[in-house]
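This report covers the confidence of a model, one of its pockets and one of its residues.

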Amino acid sequence: MTAVQNEIERRGSRIFELVDKHPEPLFSKAGLYQRLMALSMRDEQFKVQLFRFVDVLPSLRGSSEIIEHLDEYFSDNGFGPLVDAGVRLARIVPWVSGPLLRWNVSGMARQFIAGRNPDDVMATLRKRRAKKIGFTVDLLGEAVVSEADADKYAARYLDLLERLAQETKNWSDPLGKNSELFPVVNLSVKLSALYSQMNPADPADAIAHLAPKLRPFLRRARELGAFINFDMESYAHKNTTLELFKTLLTEDDLRDWAHAGIVIQAYLRDSEGDLCDLIAWGRKRGTRFAVRLVKGAYWDYETTKSLQNGWACPVYFQKPQSDANFETLTRLLLENESIVTAAFGSHNVRSIAHAQALAEEFGIDRSRFEFQLLYGMAGPIKRALVEMGYRVREYCPVGELLPGMAYLVRRLLENTSNEGFLRAKFAENVSAKELLRDPRELIKLNGENPMKSQTTITTQNQHRQNSGLVDTASDDVYRNSPLVNFVYKDSQDKMRSALREVRNRFGEKYPLVIGGEKVWTDQLTPSVNPSAPDEIVGYGSEAGIPEAERAVKAAREAFGKWSRTSVEERARLLERAADIMERRRYELSAVEVFEVGKPWNEADADIREAIDFCRFYADQMRRLGRPKLTQRVPGEESYHHYWPRGVAFVIAPWNFPIAILCGMASAGVVTGNTVIMKPSEQSIVCGVMLMQVFEEAGVPPGVLNFLSGHGSVIGAHLVDHKDVDLIAFTGSREVGLKIWESAGITRPGQRELKRVICEMGGKNAMIVDSDADVGEAVGYSIYSAFGYQGQKCSALSRLILLEENYDRVMERLIPAAASLRIGNPEEPGIMVGPVIDEAAYRRILDYIEVGKSEATLAYQAKELPPQGYFIPPSIFTDVKPNMRIAREEIFGPVLSVLKVRDLDEALDVANGIDYALTGGFFSRSPDNIERVKAQLEAGNVYINRSCTGAIVGRHPFGGFKMSGSGTKAGGEDYLLNFLVPRVVTENTTRHGFAPEQTPEYRDEFLWPRPN
């Protein structure tokens, strides 16, 4: 055992001795609360339900609502007699039990929240001062949805600062020694509460908006002799927070100010690098600054987000890894004590004792650093540290219960975590010797322990930025390609470089590709940049009837060989194409930014979807491509398998110019059909790029043919062509219905009934229940309605609000819309760019005029770029279900808000139209959620999230009614639309003898047999 470990154990044992002199339970409030917490530690499902109930309770208005939710969350769930009896009693006397439950949850919150307002918190701080405990105060609430909310938070921070300074002007530091390092007034600030449009891809924008808000605040804090700490939140905002801190503290009037600090989260894998950079910056600046070292409070969020997006998880998977890193960073802080003042934020006695031991080893006086612990937690540890002569500060949140729910739930999760120190010490009485073990030993014992029992996790030594290191899929579940993570500067730089390179190619001319040959025509179609219509992104050769006929002939000739090519060879072609798109990912995204006005993240998501289509359909074709035995019958074998249909004509829209084109074309190719693909006239260059990808991947001549031109000419001709066997269309209802009708006519010489895959538009509704999380509903609604200018068939068009919630939602919806960033999507962080072309521009403006005549224009953006096809985001209220703006697809940034009495009427309104594509529901009522899942008429129903952003394999996409023919792109059954089923039956009996075994699968029916 090392000398340091001996010293840690000695000091840790001393802390435990002092703790045990004044024992108290983990949950200091007795009675029902303590019993519920104890039960939650034993039953994970109960914990989930309890915390969800706690989360929704502050938003419930009356006793009946409270009891309804209590019943829905806890009734008949097998949680034991205590819970069952409580639910039954609550039903009998709701007027008593409703307020009682609210009082109990308020009491639970008061354990962790220091006060509702400055008056409350001052009473708390005075009590803490009597116990020689300092404070840092933080306003509850984070991630505001509008600049109006952000301005309110900025004003509240300034007011709180003034009030704390006034009330504590005669207070002194509890220790006295080195008090100049530790001002009495200490305020923690969350940046996400001060700017609603923070985007990790654009830290410069965030800094440009946050710096003017923070400068006067920091200057005033300096005048008052206060300390300001920059809180650290989710990983997405980490780099921006660090950069802003360094930018402001390097400015002339703040460069020599020592009373500012920032948080480092030890559970982050790159935290050591960040701390080293900070220390180097501090030495160059030449003035002391502070660092609060914490483990981190967003572990569940970070891991979930990484799993969803396929990203390298930024946090350690094991708690001992975070604990070990905390000790590494502790050493780094104390080694650089001459420039950085350390505050160790932990309840873990091992971590605390380690800091004490190292400080002693380095000869650092205990008055030159401090320990910070959360209000309402670890009281005995705080008392022990004060008794030992250390400086102790409490992190004291202040605010109302509703905005504080996220904080409260994080505290409850921390207290009940299986790996939490406080639970181990105060609830499970784990021995001191075990609690003081070196965390590195625990890592070795555990290995790479999965973070959840059902999840397999792989890690690599090097932290890769866009690779999926977190693997939740079993072997038979498709693993999506990860999104590009624009948190990283390297990703931002690659995107900017790609934009420059693509801009340098503006004006290039591109040919058709027919039968493997490049074909030029006399007519060229320009494709313009909708953000700057005088810029030509590229020219496409315009196909006419002769080129269309030539393409059909080439496809028909190639079909014979391609249809008999093995499934494996066809699947590998798609996988090679996916690999090429992965390599050219930034370039392809940049083309979409310029040609169709997609923001960075939307463009990348489109390329990711195209990659996923290729890999997913390759996997699915391998599954479908093996002939399968229908039944086990002695003396006979019958195998069910599929043949391709023939020549497929693919017609794609401009709004997902590579993903949808690739999805339909790759489905046709991998199933053994030959394909003629036609991109939209507005996205010709994107279509060219996809054709280049498949050519590089080695697609045989004639298997995939590229035609650009007018849909009214070549599109109509090919739909009617006798030798086109299948039409895959995604686009408007008007065109889709014409195709559906025309394809039903049998032409002279036609030998196949045409199969039509028809995916059309939507008039999508989202319903907001009376108990919904308003901030969440508003944030997702704004993105669903105005992301990519509302130019998605899945976009939110009708927001249906229950009258009970109407005012609460609207008072936040309008300011949120007013806060949107509108501009050229070439710049990062833009949400609303231009609509696709002049025709769309004029059509949408006409619909806005219709809306003005029918309803009330509640909001319309005023500041737009001077050039380009920019439509102001618009919100209409007083909309009735029979109005045109509530029934017709607009395909632009126009949102109709409808008020209804109750959920019955909401469902009637949502379902009472011709479309059934996507729909959404925001609620925290389990019963209402189940009802909407069962009754909302939509092909894709989304609960408590946006109604856009379907992911291949995860959210098979497509609608019914007038939204489509019921197909599901990216689903397991999608390829069946490109195939005809066939059954081959053989009598295997010979003179009464039959084989004993027949394999479930056999090789493909191919002749000549492949070598």
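## Confidence

The chain has a mean pLDDT of 90, with 89% of its residues at 70 or more, where pLDDT is the predictor's confidence in each residue, from 0 to 100. Over residues 26-31 the pLDDT is below 50, and this stretch has 19 contacts in the model beyond near neighbours in sequence, a contact being heavy atoms within 4.5 Å. Residues 446-473 also stay under 50, and the model has 67 contacts for them beyond four places in sequence.

This is a predicted model, in which local features need pLDDT of at least 70 and side-chain atom pairs count only at pLDDT 80 or more, while totals for chains, interfaces and linings use all residues. Residues are numbered from 1 along each chain as its sequence is written, and side-chain values use heavy atoms, with hydrogens and water left out.

## The second largest pocket

A pocket is an open set of points on a 1 Å grid over the protein atoms alone, where a 1.4 Å probe fits, with protein on both sides within 12 Å along at least five of seven lines; lining residues have an atom within 4 Å of a point. The second largest pocket is lined by 42 residues, of which Trp-654, Phe-729, Gly-731, Ser-732 and Val-735 lie nearest its centre.

## Asp-579

Asp-579 is partly exposed, at a relative accessible area of 45%, a class that lies between buried (under 20%) and exposed (over 50%), using a 1.4 Å probe and protein chains only. Its C-alpha atom is separated by 9.4 Å from that of Cys-614, which is 35 residues apart along the chain.
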